[in-house]
Amino acid sequence: MARRPRADVRRARPRGYLRRALPRARVHPVAYALVLVLAAGLLALAGPGQGTADAASVCQGRPARTVAFATGELRLYRTRHYACALVLAKRPGAPRPMKVTLQPRGGRAAVVSGRSGRQAGPVTVHALNRCVRATATVSGRSTTTGWILC
């Protein structure tokens, strides 16, 4: 019996078929540089997204509490294992004495102090299943919380 060729079998093409069919595209260096400059210009025009100052924080976790006082604002953040605090000046500007303290119940307080124009902190403590107490000072004015985030 003579075999018939199957209908779904494709014929093999010669080895250099694609090379001859699709000549290699050459990119002119000037065109390449022009595309790069245009892309950079579009990125510069777009710029960074305009969000609020609260959009990004130096502390991990979700905002848990904000305590405002005469010269600043104490912000507390909480994750499952940690608590984080920082103090922001109400009117950023010239460096002034600032201090933030965060203490877990039954533990030692963590303190960050110094002269800054905008913020002091962040300060982070391990607070798994613990309450914390925070204190903030900006230019001699301070605020304190009781045991919170229990």
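Biologist: In which strand does Pro122 lie?

Modeller: This is a predicted model, in which local features need pLDDT of at least 70 and side-chain atom pairs count only at pLDDT 80 or more, while totals for chains, interfaces and linings use all residues. Residues are numbered from 1 along each chain as its sequence is written, and side-chain values use heavy atoms, with hydrogens and water left out. Strands (E, at least two residues) and helices (H or I, at least four) are DSSP runs numbered from the N terminus. With that numbering, the strand that holds Pro122 is E6.

Biologist: Which residue does a cis peptide bond join to Pro122?

Modeller: The omega of this bond is about 10°. The bond is cis, and the partner of Pro122 in it is Gly121.

Biologist: How many disulfides does the structure hold?

Modeller: A disulfide is a pair of cysteine sulfur atoms within 2.5 Å. With the bonded cysteines of the protein chain numbered in sequence order, the pairing is 1-2, 3-4. The number of disulfides is 2.

Biologist: Is the disulfide of Cys59 and Cys84 left-handed or right-handed?

Modeller: The sulfur atoms of Cys59 and Cys84 are 1.9 Å apart. The torsion about their S-S bond is about -55°, so this disulfide is left-handed.

Biologist: How many residues apart are Cys59 and Cys84?

Modeller: The pair links distant parts of the chain. Cys59 is in the loop between helix H2 (29–46) and strand E1 (62–69), whereas Cys84 is in strand E3 (residues 82–89). Their separation is 25 residues.

Biologist: What about the other pair: how many residues apart in sequence are the parts that Cys131 and Cys150 tie together?

Modeller: The sulfur atoms of Cys131 and Cys150 are 2.0 Å apart, and the link is right-handed, with 125° about the S-S bond. Cys131 lies in the loop between strand E6 (119–126) and strand E7 (132–138), and Cys150 in the segment after strand E8 (141–144), so the parts tied together are apart in sequence by 19 residues.

Biologist: Is Cys150 buried or exposed?

Modeller: Buried means under 20% relative accessible area, exposed over 50%, and partly exposed in between (1.4 Å probe, protein chains only). Cys131 has 12% relative accessibility and therefore counts as buried. Cys150 has 72% relative accessibility and therefore counts as exposed.

Biologist: Which residue in E5 is the bridge partner of Arg96?

Modeller: Strand E4 (residues 96–104) and strand E5 (residues 110–116) run antiparallel and are joined by 7 bridges. They form a hairpin with 5 residues between them, and Gly106 in the turn has a positive phi of about 85°. The bridge partner of Arg96 is Ser116.

Biologist: How many residues does the largest nonpolar core have?

Modeller: A nonpolar core is a set of buried Ala, Val, Leu, Ile, Met, Phe, Trp, Tyr and Cys residues joined through side-chain atoms within 4.5 Å. Leu74, Ala85, Val87, Val100, Leu102 and Val132 have the most contacts inside the largest one. Two or more residues each come from E1, strand E2 (72–78), E3, E4, E6 and E7.

Biologist: Is Thr143 buried or exposed?

Modeller: Thr143 is placed in strand E8. Contact means heavy atoms within 4.5 Å, and, not counting residues up to four places away in sequence, Thr143 touches Val67, Phe69, Leu74, Ala134, Thr135 and Ala136. Its relative accessibility is 13%, so Thr143 counts as buried.

Biologist: What is the phi of Asn129?

Modeller: Asn129 lies in the loop between E6 and E7 and, at 73% relative accessibility, counts as exposed. Asn129 is not a glycine, yet its phi is positive, at about 55°.

Notes. Pairing = 2+ DSSP bridges.
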